[in-house]
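Here are my notes for you, written as a colleague would jot them down. Have the structure open while you read.

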Amino acid sequence: MSENNNDKFWETNDDFWSKPVASDDWLKSDTNSYEKKGEDITNKNEDVDLWEEPVNPYLNRDTHFNTYETKQVQQPVNATILNGQVLEKPKKKIHIHTIICLSFITIAILSIVGAFAKYSLAKKTAIHTVNQVSYTETEVDNTFSYDSNNEISLAGEAVSYVSEENFTGFPKNMKLIGIYIEVNSTEYIYGANILQEIYLGYVLDDKPYYQKMPRQDVIYPYASSKGFQREEILGSYGLGNGIDDEGYLFFFVPSQIQEVTLYMPKTVKENYIDVIETVYYVSFPITEGEKEANK
C-alpha cells in the first residue's frame with residue numbers, strides 16, 4: 001500500500017517549488033544595508049594609510065614603558081642584574097682555617113730556610129776549624145794524668161799472643177798483640193774528655209803506618225783461645241771520666257814488627273766539634289808471652 005503512495009508528493013498541485021527562495025524586497029534591503037555599511041567604513045578610513053606600521057599600544061600608557069630609553073649601564077665586575085637592578089656580589093671571605101694553614105706553611109718555610117742557612121754556616125765554620133787545626137805530640141811515661149780526674153797506667157811492653165802458627169785461619173803474616181791499661185777516674189765531670197779514638201803506629205820498611213783498634217767481635221775469637229774474657233777486651237768507645245776501667249788494647253800488626261807506639265788523643269770543643277789539642281804517646285817493645293794469671 002505504501003508502495004502505491006510513493007509518488008503522491010510529486011503529484012501535488014502545491015506551488016512550493018515554483019516560489020523563489022528570497023523575495024526581491026529582501027534582496028534589495030540587504031544590498032542597501034551593505035552599501036551603507038561600506039560607505040561608513042570608507043568614510044572612517046579614508047585618511048588611513050593601510051601600509052602604515054601599527055602603533056605599539058604600550059607606548060601610550062602612563063607607565064615606565066612610555067619613557068623607555070636604551071641606556072648602557074656600567075655593570076660592576078662583581079655584580080649581577082636582577083629585575084633591572086644591579087646587585088653587587090658579596091666579597092669572598094677568607095676562612096680562618098686558610099689563614100692558619102698559610103701561617104704555618106710560612107713558618108715552616110722560614111724554619112727550613114733558617115736551618116739550612118745555619119747548617120751551611122756551621123759547616124763552613126767546621127771546615128775552617130779543621131783546616132786550622134794544629135796540635136802537639138807529647139811523649140809520656142807509662143803512668144800519667146790524662147785529665148784532672150783521670151789517671152792512666154800502662155804496662156811496659158806489648159805482648160804478642162796469637163800468630164798464624166798457632167791458630168788456623170789467622171790473618172797471614174800478622175800477629176795479635178795486647179797492651180795492658182788501667183784507667184782510674186776520681187769523679188765524673190760534665191763535658192770532660194774521655195780516653196777514646198786510641199790508635200797504634202809502627203814503621204815498616206822506613207814508612208810509618210797507623211791503625212785503629214779492631215772491633216771487639218773481631219778480636220774475641222782469637223783472644224778467647226788464650227784465656228781472655230770478653231770484658232777484658234777494651235774498645236775505643238771511651239774510657240774514664242767517672243768510671244774505672246782495666247783490660248787490654250788489641251791490635252793486628254805485621255809479624256816482623258818489634259816495636260809499636262800507642263797514641264792517645266785529647267780533644268777540646270771548638271765551634272761544636274771535637275778538635276785535637278794534644279796527642280799523648282808511649283812506645284813499647286813487642287815480646288812473646290802468655291796471659292798472666294793475675295791480669
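The points below go from the ground rules to strands, cores and a helix.

1. **Ground rules.** This is a predicted model, where local features need pLDDT of at least 70, side-chain atom pairs count only at pLDDT 80 or more, and totals for chains, interfaces and linings use all residues. Residues are numbered from 1 along each chain as its sequence is written, and side-chain values use heavy atoms, leaving out hydrogens and water.

2. **Strand E5 and its partners.** Helices (H or I, at least four residues) and strands (E, at least two) are DSSP runs, numbered from the N terminus. Two strands pair if DSSP finds at least two bridges between them. E5 pairs with E4 in the antiparallel sense over four bridges, and a hairpin of two residues joins E4 to E5. Here Ser145 sits opposite Glu151 of E5. E5 also pairs with E7, again antiparallel, over five bridges; look for Leu154 and its bridge partner in E7, Ile181.

3. **How covered is E5?** Four of its five residues are buried (under 20% relative accessible area; exposed is over 50%, partly exposed in between; 1.4 Å probe, protein chains only).

4. **Asn150, buried or exposed?** Asn150, found in E5 (residues 150–154), counts as buried because its relative accessibility is 2%. Its side chain makes a polar contact with the side chain of Ser185 at 3.0 Å. (A polar contact is a pair of N or O atoms within 3.5 Å; within protein, one must be able to donate a hydrogen and the other to accept it, and residues adjacent in sequence count only if both atoms are side-chain atoms.)

5. **The cores.** A nonpolar core is a set of buried Ala, Val, Leu, Ile, Met, Phe, Trp, Tyr and Cys residues joined through side-chain atoms within 4.5 Å. The largest one has 29 residues, and Leu154, Leu195, Val260, Leu262 and Met264 have the most contacts inside it. Strands that each supply at least two residues of this core include E4, E5 and E7. Apart from it lies another core, of 15 residues, including Leu176 and Phe250.

6. **Val260 up close.** Skipping neighbours within four places in sequence, Val260 is in contact (heavy atoms within 4.5 Å) with residues including Ala158, Ile177 and Phe284.

7. **Helix H3.** Which residues of H3 (residues 216–223) are buried? They are Ile219, Tyr222 and Ala223.
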